[in-house]
Amino acid sequence: MDASKSQLPTRRHPAWYVLAGGLVAGTLDITYAWAFWAVEAGVSVQRIFQSVAAGLLGETSFEGGWATAALGLALHYFTATTMSFVYYMVASRVALLRRRGSEEFESLERICLRIEPGAPAFVAEGRIGDDVI
């Protein structure tokens, strides 16, 4: 076999990962919202999407029918994809976020605790360790 034609894994464009992340996160999030609000309060899917559009349109979003529900769905996926993009941009500069393995989630949890208002004193004072920053 010619070494120049060896099968190396191809790397996809970063936009693919950002879009896939937004699609997965958005779908999981909206699925949870459907399941929770349908069971808890009997809220319709249309109303859930309209409540997302209310962030942009205010109370008038509930008068727009399926048009504002569609806008809410688009805004929901736009937000999820934007969050995916921001994570990608930060991860491309912070090695900690590129690590793979079980410590990845523990380290991410430490970072989130550190910036969370009301975090424990040892977290807020930065006594977790230099590897977190």
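Tyr32 and Phe36 are four residues apart in helix H1 (residues 14-41), so about one helical turn separates them. Helices here are DSSP runs of H or I with at least four residues, strands are runs of E with at least two, and both are numbered from the N terminus. This is a predicted model, in which local features need pLDDT of at least 70 and side-chain atom pairs count only at pLDDT 80 or more, while totals for chains, interfaces and linings use all residues. Residues are numbered from 1 along each chain as its sequence is written, and side-chain values use heavy atoms, with hydrogens and water left out.

Tyr32 counts as exposed, at 55% relative accessibility, and Phe36 counts as partly exposed, at 32%. The cut-offs are these: buried means under 20% relative accessible area, exposed means over 50%, and partly exposed lies in between, with a 1.4 Å probe and protein chains only.

## Aromatic pairs

How many aromatic pairs does a search of the whole structure find? The search finds four. Rings of Phe, Tyr and Trp (its six-membered ring) pair if their centres lie within 6.5 Å; planes under 30 degrees apart count as stacked, over 60 as edge-to-face and the rest as tilted.

One of the pairs is Trp16 with Tyr17, which is edge-to-face, with 5.2 Å from centre to centre and 85° between the planes. Trp16 is partly exposed, with a relative accessible area of 44%, and Tyr17 is partly exposed, with 41%. The ring centres of Tyr32 and Phe36 are 5.9 Å apart and their planes are at 20°, so this pair is stacked. Tyr32, Phe36 and Trp37 are linked into a cluster by ring pairs.

## The chain as a whole

The secondary structure of the chain consists of five helices and zero strands. Read from the N terminus, the order of elements is α-α-α-α-α.

The chain has 133 residues, of which 17% count as buried. Among contacts with a separation of 6 or more, 29% are between residues 24 or more positions apart. Contact means heavy atoms within 4.5 Å.

## Where H2 crosses H3

Helix H2 (residues 45-57) and helix H3 (residues 65-91) have axes that come within 7 Å and cross at roughly 75°. H2 is therefore roughly perpendicular to H3. Axes are lines fitted to C-alpha atoms, for helices over the stretch in contact, and angles run from 0 to 180 degrees between N-to-C directions. Angles under 35 degrees count as roughly parallel, over 145 as roughly antiparallel, 65 to 115 as roughly perpendicular and the rest as oblique.

On the H2 side, the residues that meet H3 are Gln46, Phe49, Gln50, Val52, Ala53, Leu56 and Leu57. Their partners in H3 are Gly65, Trp66, Thr68, Ala69, Leu71, Gly72, Leu73, Leu75 and His76. By class, this contact of H2 with H3 has ten nonpolar, six polar and no charged residues. Ala, Val, Leu, Ile, Met, Phe, Trp, Tyr, Cys and Pro count as nonpolar, Asp, Glu, Lys and Arg as charged, and the others, Gly among them, as polar.

Not counting residues up to four places away in sequence, Gln50 touches Ser61, Phe62, Gly64, Gly65, Thr68 and Ala69.

Phe62 also has a charge over its ring: Arg47 lies over the face of Phe62, at 4.1 Å from the ring centre. The rule requires NZ of Lys or CZ of Arg within 6 Å of the ring centre and within 35 degrees of the ring normal.

Tyr88 belongs to helix H3 and counts as partly exposed, at 31% relative accessibility. Apart from neighbours within four places in sequence, Tyr88 is in contact with Pro14 and Val18.

Phe78 is also in helix H3 and counts as exposed, at 57% relative accessibility. Phe78 and Gly26 are 52 residues apart in sequence and 8.6 Å apart in space, C-alpha to C-alpha. Ala25 lies in helix H1 and counts as partly exposed, at 39%. The C-alpha atoms of Ala25 and Ala80 are separated by 6.2 Å, and the two residues are 55 apart along the chain.
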